[in-house]
Amino acid sequence: MDLFEYQGKQYFARFGIAVSPGDVADTVDEALAVAERVGYPVVVKAQVKVGGRGKAGGVKLAASADEVREHAGNILGLDIKGHVVKRLWVERASDIAKEYYASFTLDRPNKVHLGMLSAQGGVEIEQVAEENPDAIAFLSIDPVVGLDLATARRWVAEANLDEVARDQAAELLVKLYTCYVEGDCDLAEVNPLILTPEGTVHALDAKVTLDDNAGYRHPEWDEYRATETEDPREKLAKEKGLNYIGLDGTVGIIANGAGLAMSTLDVVNQVGGSAANFLDIGGGANADVMAAALEVINSDPKVKSIFVNIFGGITRVDEVARGVLDALARVDIASPIVLRLDGTNAVEGRAILADHLNENLITEPTMLDAARRAVGLANA
Amino acid sequence: MSIFVDENTKVIVQGLTGGQGRFHGLRNRDYGTQIVGGVTPGKGGTDVDGVPVFNSVKEAVDATGATASFVVVPPKFAAAAIMEAAEGGITFIVCITEGIPAHDEALTYNRLVEEFPGVRLLGPNCPGIISPGKCNIGITSGDIALPGGPVGIVSRSGTLTYQALHELSQQGIGQTTCVGIGGDPVPGTNFIDCLEAFQADPDTKAVMMIGEIGGSEEERAAEWIKANMTKPVVAYIAGVTAPAGRKMGHAGAIISGSKGTAQAKMEALAAAGVHVCQNPTEAGEKMVDIVRAL
């Protein structure tokens with residue numbers, strides 16, 4: 001789960017990481033109230049989970065109440081790359097002497113944590129990595145050992161942060177690492193991390209991605225989940241406990257297993273079609289699950305045909321077949337369904353469906369045949 | 001021969017008294033696997049369908065001589081269960097648990113490497129391992145595998161592993177061992193570990209490798225294959241059409257920026273001399289051709 005900037009800053013604050021004083025505002029009046037409280041000048045920032053908001057006019061400096069009114073009014077409701085701004089973060093503007101970059105993430109190939117620190121912040125780190133890779137100081141951190149202050153001190157020197165910033169930066173980095181580990185982040189990034197002319201260091205932005213698997217030990221994440229903007233199809237699927245991702249095509253996909261579901265998308269594409277979704281029904285494909293899956297796909301008006309691709313392992317194909325019939329009795333499905341059923345009890349499964357087959361309920365012997373049939377129906 | 005597990009492997013099931021543990025553990029036993037015990041704290045002295053249950057891994061190992069463990073416990077207990085297995089003397093740990101926090105996985109992996117260098121972890125979030133006719137640890141349905149070799153299979157995906165077994169078995173082509181390494185960000189065993197073992201196994205004549213988007217394990221495997229592998233390898237990578245920035249079911253299956261795409265992995269493997277196929281059926285057919293020509 002990606003956090004909004006304001007949530008990231010609030011999360012940072014829990015771990016003692018210095019951020020600019022500020023608060024959220026959903027209306028112009030609220031924005032004004034925050035500005036009066038933190039003191040002018042302030043920065044009014046659109047809260048959207050997409051990059052490039054500055055260029056789109058979503059970040060403005062305001063020196064007075066009138067300017068706050070003007071900018072907050074303009075930014076609220078602004079469409080930034082398809083994301084409509086509903087919330088603002090208003091914070092005390094900072095004078096900036098230097099901009100740095102700091103982040104922690106998992107180094108998957110080496111199975112350790114990776115810290116990245118650069119004296120060249122404020123721009124995309126990918127750009128720095130490409131144009132001037134020596135400007136990034138990488139630090140591999142053994143999860144068993146962690147990051148101590150002494151190591152952080154060597155690291156800020158290696159990254160060539162300004163002398164005056166080093167002690168504060170090292171302390172902030174240890175706190176950021178603690179936030180990354182104890183806060184169960186997939187990514188904790190500060191860009192820019194700033195040094196002010198007065199010589200203080202703090203986080204001017206916050207980019208945090210939380211590991212959904214760790215949600216059970218973080219009740220405080222509930223409020224973040226409540227603000228997640230979701231595709232309505234994905235929301236419905238989540239309520240039904242399905243693993244669904246909405247896409248733009250016309251062939252609805254139901255498969256058991258994430259790998260098989262991904263592979264189904266690929267095969268549909270290879271035979272000239274496009275998938276409307278990714279949907280993994282997992283291991284226990286009973287009638288309820290199948291009905292829920294068909295219902296979610298049925299709610300997508302773009303879907304012209306449905307491809308059910310099941311390879312029974314633990315999942316028994318006869319149960320899947322019963323599930324499909326049960327689902328059809330419960331839900332009025334608008335599109336024809338093409339099934340490919342293989343694996344455990346496939347013969348029994350196909351026999352159960354045999355008497356019910358018609359132009360809207362079709363079986364095919366292989367994944368490729370079924371993909372061709374479903375795509376043919378969708379493109380007809 | 002087979003890799004990692006065979007007919008002599010003695011296995012305990014951590015979580016045998018739970019619903020999943022009982023179901024899969026007994027299925028594995030019925031397949032012929034030497035399931036010699038279960039572990040559930042507080043339930044020592046009882047049994048599950050005749051399989052004795054112990055309070056700790058240590059007790060189970062002392063009583064049975066088990067060397068392998070099948071960990072089937074909920075995510076919040078999985079990291080501790082894996083460490084208990086290693087501390088109790090187990091040297092091969094299979095963890096099928098899905099949904100373990102990434103930080104727990106990273107910490108557990110490194111603790112194992114540092115404190116128990118002789119221990120191999122398979123998974124988490126994997127279907128397990130089967131050496132057909134000898135030993136099945138995990139959730140793979142034994143009847144879709146065919147004993148006798150000569151193909152070794154290594155896969156990041158569960159159902160696609162079954163698909164691969166099925167494609168080969170239907171054509172009468174057996175498998176030495178089929179390893180599901182799992183789809184999480186920090187797998188205990190990776191492609192290279194398995195390729196290395198298959199390369200060293202005289203009965204394995206060819207290897208099928210099934211990858212998916214995310215990470216760079218396939219690219220690293222390609223480098224290793226180029227430098228070390230003399231046996232033919234057929235590969236299929238799922239997720240050519242997956243959008244960037246979305247986790248495709250598995251926690252590890254995500255394209256970050258331009259990294260981890262199926263295209264990049266397929267190109268790396270093809271450049272290493274691997275037969276790269278566009279879908280699982282094509283991969284099966286390719287392997288049939290290779291084995292028949294051996």
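**Two chains, their interface and local geometry**

K111(A) is found in the loop that joins β7 (98-107) to β8 (112-118) of chain A; helices (H or I, at least four residues) and strands (E, at least two) are DSSP runs, numbered from the N terminus. The model is predicted, and local features need pLDDT of at least 70, while side-chain atom pairs count only at pLDDT 80 or more and totals for chains, interfaces and linings use all residues. Residues are numbered from 1 along each chain as its sequence is written, chains are lettered from A and ligands numbered from 1 in the order in which they are written, and side-chain values use heavy atoms, with hydrogens and water left out.

Phi of K111(A) is near 60 degrees, a positive value in a residue other than glycine. K111(A) is buried, with a relative accessible area of 4%; buried means under 20% relative accessible area, exposed over 50%, and partly exposed in between (1.4 Å probe, protein chains only). A positive phi, about 65 degrees, is also found at N160(A), which is not a glycine. N160(A) lies in the loop between α5 (149-158) and α6 (163-182) of chain A and counts as exposed, at 55% relative accessibility. Most residues other than glycine have a negative phi, and most peptide bonds are trans. In chain A, the peptide bond from N191(A) to P192(A) is cis, with omega near 10 degrees, and P192(A) lies in strand β10 (residues 185-195). In chain B, the bond from G123(B) to P124(B) is cis, with omega near 5 degrees; P124(B) is placed in the loop between β7 (120-122) and β8 (128-131) of chain B.

The two chains meet through 57 residues of chain B and 45 residues of chain A that are in contact, contact being heavy atoms within 4.5 Å. The size of an interface is often given as the accessible area lost when the parts come together. Between chain B and chain A the buried area (the accessible area, with a 1.4 Å probe, that two parts lose on being put together, summed over both) is about 4,100 Å², and carbon and sulfur atoms give 57% of this area. H103(B), T159(B) and M248(B) supply 17% of the area that chain B buries against chain A, more than any other three residues.

Four salt bridges cross the interface of chain B and chain A, a salt bridge being a side-chain nitrogen of Lys or Arg within 4 Å of a carboxyl oxygen of Asp or Glu. D104(B) forms a salt bridge with R217(A), in which the closest N and O atoms are 2.9 Å apart. There are 18 residue pairs in polar contact between chain B and chain A, both residues at pLDDT 80 or more. A polar contact is a pair of N or O atoms within 3.5 Å; within protein, one must be able to donate a hydrogen and the other to accept it, and residues adjacent in sequence count only if both atoms are side-chain atoms. On the side of chain B that touches chain A, two or more residues come from each of α1 (19-31), α3 (75-87), α4 (102-115), α5 (158-170), α7 (217-228) and β13 (233-238) of chain B. With nine residues, α4(B) gives the most to this side. By class, the side of chain B that touches chain A has 26 nonpolar, 20 polar and 11 charged residues; Ala, Val, Leu, Ile, Met, Phe, Trp, Tyr, Cys and Pro count as nonpolar, Asp, Glu, Lys and Arg as charged, and the others, Gly among them, as polar.

Chain B is divided into domain 1 (10-122) and domain 2 (141-292), with bounds from an automatic or database domain assignment. The C-alpha centres of these two domains of chain B lie 26 Å apart. Eight residues of domain 1 of chain B are in contact with 12 residues of domain 2 of chain B, and the two domains bury about 950 Å² between them, 51% of it on carbon and sulfur atoms. One salt bridge is counted between the two domains of chain B. The side chains of R120(B) and D193(B) meet in a salt bridge (3.5 Å, N to O).

T177(B) is placed in strand β11 (residues 174-180) of chain B and is buried, with a relative accessible area of 0%. A polar atom of the side chain of T177(B) lies 2.9 Å from the backbone nitrogen of I3(B), and the T177(B) side chain makes a polar contact with the side chain of S131(B) (2.9 Å). Helix α6 (residues 191-200) of chain B has buried residues that include F191(B), L195(B) and F198(B). The buried residues of α6(B) pack against β10 (150-155), β11, β12 (206-212) and α7 of chain B.
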